[in-house]
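Subject: Structure for your review, with notes on salt bridges

Dear colleague,

Please find below the structure that I am handing over to you. My notes on its charged side-chain pairs follow.

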Amino acid sequence: MLGRGLKRKLSDYEESMAGLSSAFDSSRGLPYPLKRQLVLNMCLTKLQTYKMLVEPNLHRSVLIANTVRQIQEEMRQESNQQPVSICPGIAPASHSYTGLESPGISLQLPSGVGQQESHCCDLRSVEDPIENSLLIVSDDDMSSAISSILKDLDFVEDISPPTCLVPTGDDQPKFPENTGLKLEDDRQDLKGAECVFGSFEISNSTSYLKDLAIDDIFEDIDTSMYDSDFCCPPLMPPRSPSLATEEPLKTFPSCNSSSANNIQICRTDLSELDHIMEILVGS
Amino acid sequence: MGAILKPRTLPRLRAAPSRSRPRSRPRSRGSPRHGRSVSPPGPRAGTGRAGPGPGPAGPRERGAGRAAPAAAAGCGARRAGPGAGRFAPSVPPSLAHRPFSSAVVARAAGDGGGSSSEVQWCFLQVKGAIDEDVAEADIISTVEFNYTGDLLATGDKGGRVVIFQREQETKSRPLSRGEYNVYSTFQSHEPEFDYLKSLEIEEKINKIRWLPQQNAAHFLLSTNDKTIKLWKISERDKRAEGYNLKDEDGRLREPFRVTELRVPTLKPMDLMVEASPRRTFANAHTYHINSISVNSDYATYLSADDLRINLWHLEVTNRSFNIVDIKPANMEELTEVITAAEFHPHHCNVFVYSSSKGTIRLCDMRSAALCDQHSKFFEEPEDPSSRSFFSEIISSISDVKFSHSGRYMMTRDYLSVKVWDINMENRPVETYQVHEYLRSKLCSLYENDCIFDKFECCWNGSDSTIMTGSYNNFFRTFERNMPRDTTLEASRESSKPRAILKPRKVCTTGKRKKDEITVDSLDFNKKILHTAWHPMENIIAVAATNNLYLFQEKVN
C-alpha cells in the first residue's frame with residue numbers, strides 16, 4: 001500500500017534530516033532556500049508523525065502548522081516576485097497568475113474558477129524550490145519529500161466543503177499527472193486536513209465524526225478485497241449500486257454514524273488511492 | 001502537631017510498562033471509597049455559558065492596600081483580606097498557623113528590601129530514587145508550596161501526589177529545622193480510557209494548587225488532562241473505642257450479646273494523615289487542561305485547556321462557566337492556543353491567559369460573561385534582526401505568573417523570561433535571557449522536540465528575584481534590583497548537607513575556561529521544568545526528572 005511505502009521512506013528520511021539539522025545550526029554556508037526547505041521538510045515530517053499518533057498534541061501541531069504556513073507564504077511571495085522559474089529544466093507552461101490575493105495564506109479557498117488557477121500557481125511556486133534542492137538531497141528523499149509536501153501543502157490551504165473541489169478535479173487542463181495527483185490528494189487530504197486539528201477533541205459531541213481523522217486511522221489497512229462494496233463517498237459521484245439507499249445519507253460526515261460507516265468511508269478513500277496509483281503507474 | 005510516623009523517603013513504586021497498573025499499591029488511607037465525593041452526571045451536561053456574569057466572584061474588589069498587615073513588610077502578602085467563600089481563612093494566611101514567626105519573617109522582609117549581598121544557596125535535601133534508569137511514572141510533573149510554605153506538594157506522571165511537611169523546631173533535633181519530610185502520599189488520578197476514540201487519558205498530574213487553610217485540614221486542587229479534583233488532607237490522632245454494636249475488630253456483635261450500654265471513648269492513636277477526594281470536576285474540557293488557578297475570593301477557580309477557560313465554583317461540580325473560548329468555527333483556521341492562565345492575586349475579577357504566539361491577554365469578568373474580548377493585550381513587537389524560522393515556536397509562552405504584589409506578571413518563553421507591568425501593554429519592563437546560547441541550536445532542538453519543552457517560572461516572596469529552569473539540570477535565578485543572575489545545578493554531586501552551591505557557567509565563546517561547560521556537552525534530557533519558591537523564606541524546590549531538590553539560603 002502506498003501508506004506503508006511512505007512510512008519506510010520517511011524513516012530513512014528522518015535519519016538524513018538529523019544530520020542536516022545540525023548542519024543547519026553549525027554551518028553558515030547553507031543557502032537560505034535550502035535552509036528553508038530543510039525546515040519545511042522537518043515540519044511536514046513531524047506533522048506526518050503526529051497524524052499517525054493516537055493522541056497528537058494540539059499545541060505542537062499548531063506551532064508547526066504555523067511555521068509551515070509562514071514558509072509557504074515566503075515561497076509564494078518569492079515566486080510572485082520572480083515569475084520566471086529558477087530552474088530552467090521546468091518548462092513553465094502558460095501561467096495564469098490570478099495574483100494571489102491576500103498576503104496571508106488564505107485558508108478559505110476562493111470559490112469558482114479562480115480556485116483552480118490558484119492551485120496551479122501554488123503548484124508552480126512550490127515546485128521551483130523543490131527542484132532547486134534536488135541538487136543536494138538524494139532522489140529517494142526527494143520523491144518522498146515531494147509526495148509528502150504535495151500531500152500536506154493543501155492541508156493548510158484548506159479546505160472548503162468537498163463539493164468545491166469536484167469541478168477542479170474534473171477539468172485537468174495542462175498538467176496531467178502532477179496536478180491529477182495533487183488534486184486527488186486534495187480530496188483525500190480534505191478530510192485529513194480537516195482532521196489535523198479536528199481530531200483533538202476528547203469529546204463525545206455529536207459532530208465528532210466530522211472531526212475524526214478517518215483517513216489516518218484506516219490508511220494502512222489493505223482493504224482491496226472490500227473494494228467492490230464501498231458506498232457513496234461524499235466527494236465523488238456514487239459508484240456502487242449495490243448498497244442500500246440509506247447508506248449514502250449515512251456516510252455524510254455531518255451526520256451521526258457508527259464506526260461501520262467510517263470503514264466504508266475509508267474504503268472509498270482507499271479506492272481513491274488506487275486510482276492515484278493507476279495514474280502514476282499506468283498512464 | 002505530634003511526631004509524624006511516616007517513611008522518610010519517597011515510596012518507590014514499580015515501573016508499569018503497560019497501562020494496566022496493579023492495584024496492590026500502598027495507598028494512604030483515603031481511597032476514593034472512603035470519602036464522600038460528588039460524582040457528576042455523564043456527558044457534558046454542565047458546560048453552559050454563564051448568564052449575566054458569574055455570581056460567586058462578586059463585584060467586591062480586593063485592593064492590595066488591605067494586605068495582611070505587618071506580617072511581611074517587604075513581602076507582598078499573597079492573599080489579602082478575608083474572603084467571601086467557604087474556604088476563605090478568617091485570619092490572613094500569613095499569620096495563621098505559624099508557630100515560629102517574626103524572626104523568620106523579618107529576615108525574609110529584609111531580603112525584600114533589596115539586600116546587596118547575593119543569596120548563597122546551600123543544599124538542604126533531595127527526595128527520590130537515585131537509580132540511573134528512571135521509571136516514567138516517577139517523573140515529577142508539578143511542584144507547589146502552600147500559602148504558609150509548611151507544605152510542599154509534588155505531582156508525578158503516575159498520577160500520585162506526595163506532600164512534604166516542614167519539620168518544626170524541636171529541642172531534640174535542632175538541626176532538622178527546615179527539613180521537609182513526607183506527610184502524605186496518595187493516588188490522585190488514575191489512567192482513564194476514552195472508549196469513543198480509543199484514547200488513553202493520562203494520569204499525569206499537570207498542576208497542583210493549594211487552597212488557603214481555613215481549619216485544621218488542608219485542601220488542594222490537582223488536575224490531569226481532563227479532570228480536576230479537590231482533595232482534603234486531614235490528620236487523625238484519636239480513635240473511638242468501645243462501640244456497642246461493633247467489636248474491637250470491627251465485626252458486628254450479635255444483638256443478644258449486648259448486655260450493657262457504654263459510651264465510646266476517644267483514645268489517642270498514632271498520627272495518621274488521610275487524603276480524601278472531596279470534589280471531582282469532570283467532563284468540562286475537550287482539550288488538555290494546562291492550568292488551574294484559585295481565585296482570590298477563595299470560592300472559585302479557573303481551569304484552562306488549549307482552547308477554552310472555564311470558571312468553577314468549588315462547591316459545584318456539575319456545572320462550570322465557560323469564560324474564554326478561542327476555538328474557531330473552522331478548526332483549520334486555528335493558529336493560536338492557550339498555554340497558561342492565572343487569576344490576579346487580589347482582583348477577583350481579573351485573570352490573564354497566555355498564548356502560543358507570545359501574547360498575553362488580560363480579561364475582566366465584569367465586562368462580559370464571555371471574556372473573548374480582552375481588556376488588555378500584551379505583546380512585544382518582534383525584533384526583526386533575530387527573526388528565524390523558529391521565531392514563532394520559541395515565542396510561545398509556557399508559563400505566566402503574577403507577582404505577589406499583583407503589579408507585575410512574568411512570562412516564560414523558550415529562551416527568556418519577561419517581566420511585564422500590567423499597566424504597560426506594548427513591551428515588558430524587564431527581559432532576562434535564560435539560555436541565549438541555545439539560539440544557534442534551534443534547528444537541532446526543533447528536531448529532537450526539545451524546543452517544545454514547557455519551562456515554568458516563579459517569584460520569590462518579595463518579588464525581588466525570579467527563578468526558572470534550564471537544561472543539564474541547571475536552573476537560573478535573576479535578581480531584579482541588581483540585576484544579577486546566577487546559574488546553579490541540581491545534582492547529586494553537590495548534595496552534601498549544607499554544601500554551598502557553586503554557580504555554574506556555560507561557555508559561549510570558543511575558549512572554555514575551567515569549570516565551564518560547553519553548549520554541546522549539555523544534557524538535554526536533564527531538564528528542570530518545575531520549580532517553586534517558598535512564599536516567605538528563601539527555600540526553593542527544584543524538580544529534576546524524578547528527584548526533588550530542596551535548597552535553602554545559607555544561614556550563618
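A salt bridge here is a side-chain nitrogen of Lys or Arg within 4 Å of a carboxyl oxygen of Asp or Glu. Please note that the model is predicted. Glu479(B) is buried, its relative accessible area of 10% being under the 20% limit.

A second pair in chain B is the salt bridge between Glu436(B) and Arg439(B), with 2.6 Å between the closest N and O atoms. Both partners are partly exposed: Arg439(B) has a relative accessibility of 30%, and Glu436(B) has one of 33%.

Turning to chain A, salt bridges with shared partners link Arg36(A), Glu74(A) and Glu78(A) into one network.

Also in chain A, Arg76(A) pairs with Glu73(A) through a salt bridge of 3.9 Å, N to O. The two residues belong to helix H3 of chain A, which covers residues 58-81. They are three residues apart, about one turn of the helix. Is this pair buried or exposed? Glu73(A) is buried at 13% relative accessible area, and Arg76(A) is likewise buried at 9%.

Yours sincerely

Conventions:
Residues are numbered from 1 along each chain as its sequence is written. Chains are lettered from A and ligands numbered from 1 in the order in which they are written. This is a predicted model: local features need pLDDT of at least 70, side-chain atom pairs count only at pLDDT 80 or more; totals for chains, interfaces and linings use all residues. Side-chain values use heavy atoms; hydrogens and water are left out. Helices (H or I, at least four residues) and strands (E, at least two) are DSSP runs, numbered from the N terminus. Buried means under 20% relative accessible area, exposed over 50%, partly exposed in between (1.4 Å probe, protein chains only).
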